Amino acid sequence: QVQLVESGGGLVQAGGSLRLSCAASGSIFSINAMGWYRQAPGKQRELVATISSGASTNYADSVKGRFTISRDNAKNTVYLQMNTLKPEDTAVYYCNTRVILLISHIARDYWGQGTQVTVSS
């Protein structure tokens with residue numbers, strides 16, 4: 001019903017930048033919150049940043065001042081600009097969206113497939 005396609009991951013040196021994108025498509029009436037999570041090897045998935053439909057943002061303490069989340073409602077897309085990357089930012093990054101479905105108007109959460117971000121020291 002709804003598909004999320006992520007892009008923008010890769011390998012970067014410490015101090016560098018990357019921009020992740022996640023585009024939602026399918027049977028979408030509207031999208032409420034959108035967010036990014038990450039999971040490093042051997043660790044639990046953790047919240048990185050979220051953005052509400054009204055563009056209110058929330059960040060994990062570890063990324064405040066370095067990462068910026070934004071969204072383009074016309075494109076059903078959420079972005080994560082990551083600056084001053086550190087080796088500890090290395091993880092698989094997943095986007096998450098709370099979608100109001102087109103016909104039923106039921107709210108459901110969807111996850112992207114994940115994109116690898118590797119920061120070398």
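1. L102 is partly exposed, with a relative accessible area of 41%. Partly exposed lies between buried, under 20% relative accessible area, and exposed, over 50% (1.4 Å probe, protein chains only). L102 sits in the loop between β9 (91–101) and β10 (107–111). Strands here are DSSP runs of E, at least two residues, and helices are runs of H or I, at least four, numbered from the N terminus.

2. This is a predicted model: local features need pLDDT of at least 70, side-chain atom pairs count only at pLDDT 80 or more, and totals for chains, interfaces and linings use all residues. Residues are numbered from 1 along each chain as its sequence is written, and side-chain values use heavy atoms, leaving out hydrogens and water.

3. L102 also belongs to a nonpolar surface patch with F29 and I103. Together the three have about 350 Å² of accessible area. Nonpolar side chains (Val, Leu, Ile, Met, Phe, Trp, Tyr) are joined within 5 Å, like charges within 9 Å. Areas come from the Shrake-Rupley method with a 1.4 Å probe; for residues, only the protein chains shown count as cover.

4. The chain has 11 strands and zero helices. Its C-alpha atoms fill a box of roughly 50 × 25 × 25 Å along the principal axes.

5. Buried residues make up 40% of the 121 in the chain. The accessible surface of the chain is about 6300 Å², and carbon and sulfur atoms hold 48% of that.

6. Consider contacts (heavy atoms within 4.5 Å). Of those with a separation of 6 or more, 56% join residues 24 or more positions apart.

Conventions: Patches are made of residues with over 30% relative accessible area and no salt bridge: like charges are joined within 9 Å, nonpolar side chains (Val, Leu, Ile, Met, Phe, Trp, Tyr) within 5 Å. A salt bridge is a side-chain nitrogen of Lys or Arg within 4 Å of a carboxyl oxygen of Asp or Glu.
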